[in-house]
Each structure stands twice: as structure tokens, then as C-alpha cells.
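Hi everyone, thanks for coming.

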Amino acid sequence: MVEIEAAAQIASTLPRKRSVVTAWSRQRNRLTFWLMTAPMLSMAILFIAPILVLVWMSFGGGSDAAPFDGYKALLQPVYLRLLGFTLQLAFLSTIICAILSYPIAYLMANVRSQVNLWIAVALFISLWLSFLARTFSWIIILQRRGVVNNFLISTGLTDQPFELVYNKIGVYVGMIHILLPFMVITLIPAMKAIDPAYMRAALSLGASPAKVFRQIYLPLSLPGLVAGSMLVFTLAFGFFITPAILGGGRAPTIVLAIRDQIQQLGDLQLAASTSMVLLVICLALLIAYDRVSGVDRLYDRGGR
């Protein structure tokens, strides 16, 4: 202890070494500053400024209304009901996408075959096609004289066509189809990052394949599953095209209410307040994920 204190005393008496700023470091700092200027300005103009304008409008900016009139109006039962249905739609779509995408991602990450190539091609083609084209294609498939109903009637499974579109069923089918690739491409990196040595070691010690999957593989893939669920939930929560077209007015969401608030009511403050509520819910979800798993793990080899 005495030696440590003596060493600290001697170190304090020594002259401090000045940091030398070389010409190279000055040039590097200057280059970094100029390279960061354009992205930071773009972020400020395209993302931060619109949000600040939205906050300003939600509190009555640019109108004669009271600051909290927009938020008070959202407490009406109709908006609470729309918000509840939107949350339910996003939650169920996320759960179904997770259940369907997990075996697909597992197959693509762990099994080498030509089937994986065709699955990857199908996924990327699905992502390249526009949401609008895919949504209208489901009208052709699910309508009363569409592919599904014609098949059911021709096989004798039913005498009357089912109502599969312009209602909540059509919205769920369309959203799951559109959002499923996002969940798969988020899961695959997380699964590829899992070291197969863990499973081989467990199997060599006598564990059954089901136990190895349940106690080793599934927990290690959970960060990717949670990250994909966050992505899908956020997209589903703000979806507009699919509920508007496949819902046919029978599956209204809070996002469609924003359109009506602007186009029919002309109430920009109410529309801004509704948008802010959606933004706060998404931010709360992101903060909750950060507390549980850490947002930085989203960028670390798929959650490893």
C-alpha cells in the first residue's frame, strides 16, 4: 500500500505529456467533419424537422385551438376503439409472422439444398414487388369468384363462396403476406451466428434433439426473433395501403382515421396528435426492447 502511494506521488510530480496534434490527425478530423456534414444535415431536415413540426401542430400550432384539444379528442370511444383494433392487428400479425417465419429461416440458415435457393428467390421477389401490386393480387385470389373460392366450390367443400376479402380476414392475410419476408430476413443472420458446436456438444452428452433445440438453439435465436418482431410490429402498426384496400371500410385502423381527419374533417391538429400517439407507442416499444436486450445488439451479427 505504501509503495502504491509512493508511486502515485512520484507520478503526480512528473510533467504531464502533452497530446501532440499532428498534421495527419488535423486532416483526418477535417475530413470527418465534412463527410459527416451532409448526413447530419439530411437527418435534421428529413427526420428531426418534420417531427418538431408535428409536435408543434399537435399542440395547436398554426391554429386557434387550445393546446391539448387534439389529445383530448383522442379520448373519444371511437378513437380508442380504432387504436385497440390497430394494436390487435399489429400484435396478431407479428405473432403469426413469427410462427410462420421461424421454420423457414431455420431451413435457410441450417440446411444446404436447392430448396433454400428457391425460397430466397421467392422472398426477394416478394420484397421487390410493390405493396400495392401485392395487395391487389390478393383481391383477385380471395374475391367471391377468385382462386380460393373456385377451388373450394369445385372440390365440394362448400356450396357458397366465403367472404375472404373486404373485411378483417383479407386484411390479416394481406399483411401477413407482406410482412413475412421482413421477419425471415431478420431471423436468418441471428440463426447463422449460432455456433453449431454448442448443439454438437449437447448431443454428444446425451441430450435429445428436442431438448437441444429448446434449451440451446431457441434461446440463442431469441434476439433475432425479438428484433424481427419489433420490425414487423412497427410496420404493421403504421400500415395504410393493405387495410385501406383489403379492408373495404370494414377494418378501419387508427392510420385510416388520420387520413379522414385530414381529408374529411380538415383537423390538422387532431391528425398531428394522433400521429404523435403512434410515434410515442413505437418509441416506448423500442425503449422496452433496449431495456430487455439492448438496441445495439440489433447491429451485432443479428443479435449474437
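Let me start with how helix axes are handled: an axis is a line fitted to C-alpha atoms, for helices over the stretch in contact, and angles run from 0 to 180 degrees between N-to-C directions. The helices themselves (H or I, at least four residues) are DSSP runs, numbered from the N terminus. This is a predicted model, where local features need pLDDT of at least 70, side-chain atom pairs count only at pLDDT 80 or more, and totals for chains, interfaces and linings use all residues. Residues are numbered from 1 along each chain as its sequence is written, and side-chain values use heavy atoms, with hydrogens and water left out.

First stop, α12 and α13. Helix α12 covers residues 254-263 and helix α13 covers residues 268-292; their axes are 8 Å apart, at an angle of about 160°. The two helices are therefore roughly antiparallel, a label for angles over 145 degrees. Who makes the contact, meaning heavy atoms within 4.5 Å? On the α12 side we have I254, V255, I258, Q261 and I262, and on the α13 side L268, L270, A271, T274, S275 and L278. These contact residues split into 8 nonpolar, 3 polar and no charged. Here Ala, Val, Leu, Ile, Met, Phe, Trp, Tyr, Cys and Pro count as nonpolar, Asp, Glu, Lys and Arg as charged, and the others, Gly among them, as polar.

Staying with α12, its buried residues are I254, V255, L256, A257, I258 and Q261. Buried means under 20% relative accessible area, exposed over 50%, and partly exposed in between, using a 1.4 Å probe and protein chains only. Those buried residues pack against α4, α10 (209-237), α11 (241-246) and α13.

Now over to α4. Helix α4 (residues 77-110) and helix α8 (residues 168-192) have axes that come within 6 Å and cross at roughly 45°. The α4 and α8 contact residues comprise 24 nonpolar, 4 polar and 2 charged.

Is N116 buried or exposed? At 9% relative accessibility, N116 counts as buried. Setting aside neighbours within four places in sequence, N116 touches L107, M108 and V111.

Last, the cysteines. C97 is buried at 0% relative accessible area, whereas C282 is partly exposed at 21%.

Technical notes:
Angles under 35 degrees count as roughly parallel, over 145 as roughly antiparallel, 65 to 115 as roughly perpendicular and the rest as oblique. Contact means heavy atoms within 4.5 Å.
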